[in-house]
Amino acid sequence: MFEEIRRGRKQRKLDRQAGEEGKRRIASWIHVYRGDAEARIPHDEAKLCADMATGCYSCVGKSHSYNGVQIVPGINAMMMEEGGLHRMDFDPATGIATVGASVTVEQFKRFLIQHDRRLINSGNYMKQTVVGALATGTHGFGDRGVMADAVTAVTFLDDSGQRVRLTRADSDFVYVALSFGTIAPIVELELETAPVEAYISTSHINRLSKLRELQQGTIASNWVVLPYSNPDDPVMMLATLSPCQTTPRVEKVREGGGVFAPVARWIIKRYQKLDRFLPALRRPLQRLLDKLDLVQRDQIQTDPYDLDYLYDPKPGLASERAPDILRGCFSTTYTGYNLAFFVPLEKGPAVVKFIMREADGLRDLGFFLKGVISVRELPGTSDLVFAANHDGPVAAIDLFADPRDYAWLERLQRMVLQYEPETRPHFGKSALIPAFRDSLGENNLDRLMAIHRKHYPNGRLMFSERVRAFLQTGKPLPGEAAADAKLA
């Protein structure tokens, strides 16, 4: 509780500085990574070009990055979200929309809805910029789950401030459209959109062993498990989407629990609050729910004008309403550190069970996972080289812990990567370590850096020490911090 209040005060202090140029504190989501930088506000492209010419710089959007991928202390920070690059256009003939670097996902979605259009896919954090979301691999679930897969053209400024526009016809495009900050500043994106559409959303409480059976006939799946339930067959909460036209309606099901069923359903309805404010009860509550062996199924028709999850029965944002465990449990947690990575789709359940056992073994050291382990399935593939599902369908696994425990999540990630070398990183949420290079391909990473050097030969565009270490591009502490440490 007190930690939440302290973090809230920090965030309000940062928010008060928004729009101000000069020395400022910049921070990643949940403030695990932070530092002082010279903030520059690009009110237009001319101002952006002038600021770029003054020295080393990085580009910072409104980020959903837990790993500080945009945080480079000691240099000019182009605060793109605070700038004036707010272009939003839509071409009804092609269905292509154009969006500027200062536009957030929520602003863009509200604009598209005016044209009865939606993004093909998106994550659930609406305050990040569209450009930042796509550049760091933000994803939803289902076919074409990675947001950047919808991009048709990227426009960025090179070292001299000249516009460069790459389309799908350009050989460099598949490296640049999802480049986690190494190609910047991106000033505009063009991307495909889709008509607004309603779905049938079916939510389940069941066992992980029933996953594939319950997914039959669906087009998208998102599921979570309770990490301290039965490690052999954990309690699962599953949300699936199906087309309205072909999906038969099913009766609501509420089974199991015996005489304690009302107690269990009371806990489930308030699970998020209990987990948030009474973390000491996390494991016993999950064990209780496991023993009661509940089965539940609910079905709704989603509103075509829903802005965030595509399985919400009302328009707008779910954050504007009270949470629901069967749908709200998939939402972003504002009280924990999040680490995410991708594993081959068919190995998702086995990896989750592995994580459960390893995490439970760390309890005597005082470490607990928060709430749930979340999995979003991406069954399609992408042409973009650094997309999660470039090599094949993947399961996106999200782990949550208190911010002070984030290093334990990095340990769990390393253990998964040790046993599953095809694990790929989430560029906004993974601990970016050199071990990921093999799954992304050394040749691909070399090609990306060649493209970077081509457009930024003077080396003024900087990216964070974590990305530099991951890419093995020089010493990993650029800017003022390196100078202070006598490392550069």
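**Close-up views of a predicted model**

View 1. Lys47 and Asp51 form a salt bridge in which the closest N and O atoms are 2.7 Å apart. The structure is a predicted model. Both residues belong to helix α2 (residues 45-52), where a spacing of four residues separates Lys47 and Asp51 by about one helical turn. In an α-helix there are 3.6 residues a turn, so residues three or four places apart point the same way. Lys47 is partly exposed at a relative accessible area of 23%, whereas Asp51 is buried at 8%.

View 2. The closest N and O atoms of Lys370 and Asp402 are 3.7 Å apart, and the two residues form a salt bridge. Lys370 and Asp402 are both buried.

View 3. Asp36 forms a salt bridge with Arg25, with 3.6 Å between the closest N and O atoms. Asp36 lies in strand β2 (residues 34-40) and Arg25 in strand β1 (residues 22-27), 11 residues apart. Asp36 is partly exposed, at 34% relative accessibility, and Arg25 is also partly exposed, at 37%.

**View 4. A network of salt bridges.** Glu45, Arg87, Asp89, Arg163 and Glu188 are linked in a salt-bridge network. The structure as a whole has 33 salt bridges.

**View 5. The aromatic pair Tyr66 and Tyr337.** The structure holds 14 aromatic pairs. Tyr66 and Tyr337 belong to one aromatic cluster with Trp29, Tyr33, Tyr125 and Tyr406.

**View 6. The aromatic pair Phe108 and Phe111 in helix α3.** Phe108 and Phe111 form a stacked aromatic pair, 6.4 Å centre to centre with 10 degrees between the planes. The two residues are three apart in helix α3, a separation of about one helical turn. Both Phe108 and Phe111 are buried.

**View 7. The buried side of helix α3.** Val105, Phe108, Lys109, Phe111 and Leu112 are buried in helix α3 (residues 105-113). These residues lie on the same side of α3, because they cover an arc of only 160 degrees around the axis. The cover over the buried residues of α3 includes the strands β5 (88-91), β6 (96-100), β7 (117-119) and β10 (186-195), together with helix α4 (130-135).

**View 8. A nonpolar patch on the surface.** The patch is formed by Val259, Phe260 and Val263, which together have about 320 Å² of accessible area. Phe260 is in the loop between β14 (253-255) and α7 (261-269).

Note on methods
Residues are numbered from 1 along each chain as its sequence is written. This is a predicted model: local features need pLDDT of at least 70, side-chain atom pairs count only at pLDDT 80 or more; totals for chains, interfaces and linings use all residues. Side-chain values use heavy atoms; hydrogens and water are left out. Buried means under 20% relative accessible area, exposed over 50%, partly exposed in between (1.4 Å probe, protein chains only). The arc is that of the directions from the helix axis to the C-beta atoms. Contact means heavy atoms within 4.5 Å. Patches are made of residues with over 30% relative accessible area and no salt bridge: like charges are joined within 9 Å, nonpolar side chains (Val, Leu, Ile, Met, Phe, Trp, Tyr) within 5 Å. Accessible areas come from the Shrake-Rupley method with a 1.4 Å probe; for residues, only the protein chains shown count as cover. A salt bridge is a side-chain nitrogen of Lys or Arg within 4 Å of a carboxyl oxygen of Asp or Glu. Rings of Phe, Tyr and Trp (its six-membered ring) pair if their centres lie within 6.5 Å; planes under 30 degrees apart count as stacked, over 60 as edge-to-face and the rest as tilted.
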